[in-house]
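Visitor: I am new to this one. Could you show it to me and take me through it?

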Amino acid sequence: MLDLSQDRPVDALLANAGHGLGKGFLDQDFSDVHHLIDTNITGTLYLLQKVGRDMRRRGAGRILITGSIAGFMPGTFQAAYNASKAFLDSFSFALRAELKDSGVTVTCLMPGATETDFFERADLMDTKIGQSKKDDAADVARQGYDAMMRGDGDVVTGWMNKLQSAIANVTPASVLAEMHRRKAEPGSASH
Ligand SMILES: NC(=O)c1ccc[n+]([C@@H]2O[C@H](COP(=O)([O-])OP(=O)(O)OC[C@H]3O[C@@H](n4cnc5c(N)ncnc54)[C@H](OP(=O)(O)O)[C@@H]3O)[C@@H](O)[C@H]2O)c1
């Protein structure tokens, strides 16, 4: 249980913890799926509520939620992950609207593929996306931080990701799901 009553006030909450999970849904261990949902969704919302209540009471605070452009497309061979990010992308805008005029801002950071331990940890290194060139993590973090400090609603980092998300907005979900297969199917790195 998180007790903030005795602690220092939190000026900025960067809700960033999360992980992916490669391979087909039916081939994954359910305990891994459960862990992903617990971390990406349940843990994030728990933290947001605890810290958010304190921020609202004080009438000040900045929240940055790490969603993803993955939330714009069905994640074939990363299905639970992309769905968890769709949840967070959506949740972030709703919470922002609820906290309008409260002194607390909510910003959603939506990166594309970024150079971190994410792909190794999600067992995606044998996929096209796992082997692709990725954005620099420090650049992405800086863009997220700056957007949070400005109080923006969201930031999609990098022009390629902006283009990808604009295309995703006007493309049928079935087509996006097939496009995702090509980059996340196990073994796709060598095709
Ligand atoms: N890399 C990308 O391409 C990409 C793109 C879009 C969005 N994102 C999102 O960016 C966020 C950070 O990921 P990353 O790319 O930096 O990957 P990463 O290098 O694997 O870092 C993941 C971070 O989340 C923490 N974490 C994972 N599971 C946790 C748990 N159950 N409890 C507490 N902390 C936990 C890790 O802590 P420990 O190191 O202590 O385990 C680590 O600090 C995630 O939400 C991810 O979904 C990543």
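Guide: Let us begin with a charge and a ring. In this predicted model, Lys134 lies over the face of Phe119, at 4.7 Å from the ring centre.

Visitor: Is Phe119 buried or exposed?

Guide: Phe119 has 7% relative accessibility, which is under 20%, so Phe119 counts as buried.

Visitor: Which aromatic cluster includes Phe119?

Guide: Phe119 forms one aromatic cluster with Tyr81 and Phe118.

Visitor: And how many aromatic pairs does the structure hold?

Guide: There are three aromatic pairs in the structure. One of them is Phe87 and Phe91, with ring centres 6.3 Å apart and planes at 10°, so this pair is stacked. Both residues lie in helix α2, four residues apart, which is about one turn of the helix.

Visitor: How are the rings of Phe118 and Phe119 arranged?

Guide: Their centres are 5.0 Å apart and their planes stand at 75°, so the pair is edge-to-face.

Visitor: Changing topic: which residues come nearest to the ligand?

Guide: Of the 20 residues around the ligand, the nearest are Asn16, Tyr81, Lys85, Thr114 and Thr116.

Visitor: What lies 2.7 Å from an oxygen atom of the ligand?

Guide: That is an N or O atom in the side chain of Thr116. A backbone N or O atom of Asn16 also lies 2.8 Å from a ligand oxygen atom.

Visitor: How much of the ligand does the protein bury?

Guide: The ligand taken alone exposes 890 Å², and the protein buries 66% of that.

Visitor: What kinds of residues make up the shell around the ligand?

Guide: The shell divides into six nonpolar, eleven polar and three charged residues.

Notes
Residues numbered from 1 in each chain as written. Predicted model: local features only at pLDDT ≥ 70, side-chain atom pairs only at ≥ 80, totals over all residues. Heavy atoms only, no water. Near = heavy atom within 4 Å. Polar contact = N/O pair within 3.5 Å; in protein donor to acceptor, adjacent residues only side chain to side chain. Areas by Shrake-Rupley, 256 points an atom, 1.4 Å probe, with all protein chains shown as cover. Nonpolar A, V, L, I, M, F, W, Y, C, P; charged D, E, K, R; others polar. Phe/Tyr/Trp six-rings, centres within 6.5 Å; stacked < 30°, edge-to-face > 60°. Helix = DSSP H or I, 4+ residues; strand = E, 2+ residues; numbered from the N terminus. Buried < 20%, exposed > 50% of the residue type's maximum accessible area, 1.4 Å probe, protein only. Lys NZ or Arg CZ within 6 Å of the ring centre and 35° of its normal.
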